[in-house]
Amino acid sequence: MKKLLVILAAVCSLFILGGCGSAGSKPADAAKTAPAAAAKTAAVAAGSHKVLVTYFSWSGNTRKVAEAIKAQTGGDLFEIKTQNPYPTDYHACTDIAKKELNEKARPAVAAKADKLEQYDVIFVGYPIWWGDAPMVVYTFLEGSKLDGKTIVPFATSGGSGIETSVKNITKDLPKAKVAKGLLVRGQDELAPWLKELGLGK
Ligand SMILES: Cc1cc2nc3c(=O)[nH]c(=O)nc-3n(C[C@H](O)[C@H](O)[C@H](O)COP(=O)(O)O)c2cc1C
């Protein structure tokens, strides 16, 4: 499994760092994942929205997507960080991530997002780790006042889908409206998705 993760991560990094744009840059079979899970909210209610783009990123791919979403929505940006940073060594990181997943751990966040009450739409981005969101994303979500907010998940991965994490986030936040999530394989997917959500600039 570890070997597979290394290959998946390498493929994804090449792809995302390569510009994420053209159809030709899409990883062949690895990108063929199921469509995003059915979510409670297909689109964000009409009207103007104050947007916060939160994200966790270990090796930078999700950060790039978060920055693009910020640019396209005019939102603010917040990076979710663990109090104890994950090791920079890939294998050490996958070991810890697996243990945390198995234990349903809630690693402490370095900081909470400020003044969440001013936002009505909150994107949450993360890499897929062992098929799910990294556990620190759940620490962040559970520790934030998100009742009534629209939560929009997005993820990057080496090929795994976003479905499990969207399902878990939806279950974790019963009083929030969890919108249709997107596994971002190329930045050209962002504009149509944001338009579909009613959030394009
Ligand atoms: C701990 C760990 C676990 C991972 N698990 C998966 C996985 O289950 N499926 C997958 O497709 N990719 C997996 N990957 C690859 C990452 O999801 C992918 O490289 C992602 O784009 C990294 O995003 P980041 O640069 O924002 O950290 C894993 C990577 C790491 C470090």
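1. Read along the sequence, the protein chain runs α-β-α-β-α-β-α-β-α-β-β-α. That comes to six helices and six strands. Helices (H or I, at least four residues) and strands (E, at least two) are DSSP runs, numbered from the N terminus.

2. A word on the source. This is a predicted model, in which local features need pLDDT of at least 70 and side-chain atom pairs count only at pLDDT 80 or more, while totals for chains, interfaces and linings use all residues. Residues are numbered from 1 along each chain as its sequence is written, and side-chain values use heavy atoms, with hydrogens and water left out.

3. How much of the chain is buried? Buried residues make up 48% of the 201 residues in the protein chain. Buried means under 20% relative accessible area, exposed over 50%, and partly exposed in between (1.4 Å probe, protein chains only).

4. Look at strand β3, residues 121–127. Seven of its seven residues are buried. In a regular strand, side chains alternate between the two faces of the sheet. In β3 both faces are covered: V121, F123, G125 and P127 lie on one side, and I122, V124 and Y126 on the other.

5. β3 pairs with strand β1 (residues 51–55) in the parallel sense, over five bridges. Two strands pair if DSSP finds at least two bridges between them. Here V53 stands opposite F123 of β3.

6. β3 also pairs with strand β4 (residues 150–156), again parallel, over seven bridges. V124 has P153 in β4 as its bridge partner. From β3 the chain crosses through helix α4 (residues 135–142) to β4, and this β-α-β crossover is right-handed. Right-handed means that, with the strands pointing away from the viewer, the path from the first strand over the helix to the second runs clockwise.

7. Now the ligand. Which of the 23 residues around the ligand come nearest? They are S57, S59, T62, T156 and S160. A residue is near if one of its heavy atoms lies within 4 Å of the molecule or strand. The shell divides into 11 nonpolar, 12 polar and no charged residues. Ala, Val, Leu, Ile, Met, Phe, Trp, Tyr, Cys and Pro count as nonpolar, Asp, Glu, Lys and Arg as charged, and the others, Gly among them, as polar.

8. Check the polar contacts (pairs of N or O atoms within 3.5 Å). An N or O atom in the S57 side chain is 2.6 Å from a ligand oxygen. For T156, a polar side-chain atom lies 2.7 Å from a ligand oxygen. The protein covers 98% of the 640 Å² of accessible area that the ligand has on its own (Shrake-Rupley method, 1.4 Å probe).

Notes
Polar contact = N/O pair within 3.5 Å; in protein donor to acceptor, adjacent residues only side chain to side chain.
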